[in-house]
Amino acid sequence: MKKTIFICSILLLSAMSLISCVSTTNVAKFYTEVQSIESVPEDCRLAENEVPKVFYSDDIQSDLYFVRSNYFQVIGYSAWNGPDEIGAGGEDCLQNEIVSFCKGKGAKAAIYSKRYTDTRNGVYSVPLVNNHYYTDSNGYMRSYSTTSFMTNSYSVNRYNYDVYFFVPYSQSYIKAPKIGIEFRNLDSADRIKLQRNTGICIDIVYENSPAFFANLSRGDVIIEINGTNILNTDTYLSVSSKLSANDSVEIKYIRNGKEEKSVFKIF
């Protein structure tokens with residue numbers, strides 16, 4: 001009887017797990033903060049009754065560039081490898097978790113991707129308690145228990161998950177006169193490829209900015225602005241901070257190994 005109850009309990013728990021999403025904490029567990037939400041202006045954070053926009057991406061790097069180029073900044077990201085997070089009813093458990101996490105962090109938007117990596121197979125054993133009853137030589141009822149094991153097999157698909165969380169830049173920043181790029185120092189791979197140590201590499205070109213209309217592009221390496229050699233990000237910031245609306249800018253840069261030049265006005 002007890003054996004039957006035990007098996008029924010297992011079947012009941014299995015059925016319950018198929019009804020809805022299993023609660024996960026992978027987004028929070030593997031979260032890396034890039035920028036504290038406290039440093040973000042209040043009007044750029046998710047409002048109390050606002051619903052964050054969450055999108056699935058099948059090309060996370062391209063979509064990450066697109067979102068950032070539209071004046072959104074990353075405040076954090078999560079990345080891990082794990083089993084599928086789609087419920088038996090087809091509900092997207094991960095998306096539900098991301099929405100909840102956005103609300104907790106104040107992120108207005110998020111994008112996520114899921115890429116298959118491998119399938120893991122194996123077996124596991126479930127203990128079954130068997131109760132036995134007998135009458136001893138004196139006529140008393142006695143009992144003892146033995147344990148047997150039921151073996152089951154499993155096959156689990158695993159995926160790489162990436163999630164990025166965003167807030168928009170403030171309107172004052174968006175409207176401020178600027179060249180309109182995000183940038184970084186050259187890394188070792190850049191230096192080997194370009195056979196040079198100085199310059200900055202463009203990471204992001206903001207939509208409808210002066211750099212956008214001048215056709216500067218991601219991956220271009222800026223080496224000179226208005227006759228000043230750009231050694232690194234510090235040099236760039238020093239030069240660009242002195243520019244004002246309607247100032248004329250002449251930028252020399254390297255694209256595909258060739259030196260190019262672009263002249264445009266700041267707005």
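Modeller: Let us begin with the classes themselves: a residue counts as buried under 20% relative accessible area, as exposed over 50%, and as partly exposed in between. Please keep in mind throughout that this is a predicted model.

Biologist: Which class does Tyr154 fall into?

Modeller: Tyr154 has a relative accessibility of 36%, and therefore counts as partly exposed.

Biologist: How many aromatic pairs does a search of the whole structure find?

Modeller: The search of the whole structure finds 18 aromatic pairs. One of them is formed by Tyr124 and Tyr154, whose ring centres lie 6.4 Å apart with 40° between the planes, and this pair is tilted because stacked pairs have planes under 30 degrees apart and edge-to-face pairs have planes over 60. The pair links distant parts of the chain, since Tyr124 belongs to strand S4 (residues 109–135) and Tyr154 to strand S5 (residues 141–168), with the two tyrosines 30 residues apart.

Biologist: In which sense do S4 and S5 pair, parallel or antiparallel?

Modeller: S4 and S5 pair in the antiparallel sense, over 26 bridges, and within this pairing Thr119 has Asn157 of S5 as its bridge partner. The hairpin of these two strands has five residues between them, and there Gly139 takes a positive phi near 85°. S4 also pairs with strand S2 (residues 53–56), in the parallel sense and over four bridges, where the bridge partner of Tyr56 is Tyr112 in S4.

Biologist: Which residues form an aromatic cluster, and over the face of which ring does Lys114 lie?

Modeller: Phe30, Trp80, Tyr116, Tyr159 and Tyr161 form one aromatic cluster. Lys114 lies over the face of Tyr159, a member of that cluster, at 4.6 Å from the ring centre. Another charge over a ring is found at Tyr173, where the charged end of Lys178 sits 4.9 Å from the ring centre.

Biologist: Let us end with the cysteines: how many disulfides does a search of the whole structure find, and is Cys102 buried or exposed?

Modeller: The search finds zero disulfides in the whole structure. Cys102 has a relative accessible area of 0% and is buried, and Cys201, at 5% relative accessibility, also counts as buried, because both values are under the 20% cut-off.

Conventions:
Residues are numbered from 1 along each chain as its sequence is written. This is a predicted model: local features need pLDDT of at least 70, side-chain atom pairs count only at pLDDT 80 or more; totals for chains, interfaces and linings use all residues. Side-chain values use heavy atoms; hydrogens and water are left out. A disulfide is a pair of cysteine sulfur atoms within 2.5 Å. Buried means under 20% relative accessible area, exposed over 50%, partly exposed in between (1.4 Å probe, protein chains only). Rings of Phe, Tyr and Trp (its six-membered ring) pair if their centres lie within 6.5 Å; planes under 30 degrees apart count as stacked, over 60 as edge-to-face and the rest as tilted. A charge sits over a ring if NZ of Lys or CZ of Arg is within 6 Å of the ring centre and within 35 degrees of the ring normal. Two strands pair if DSSP finds at least two bridges between them.
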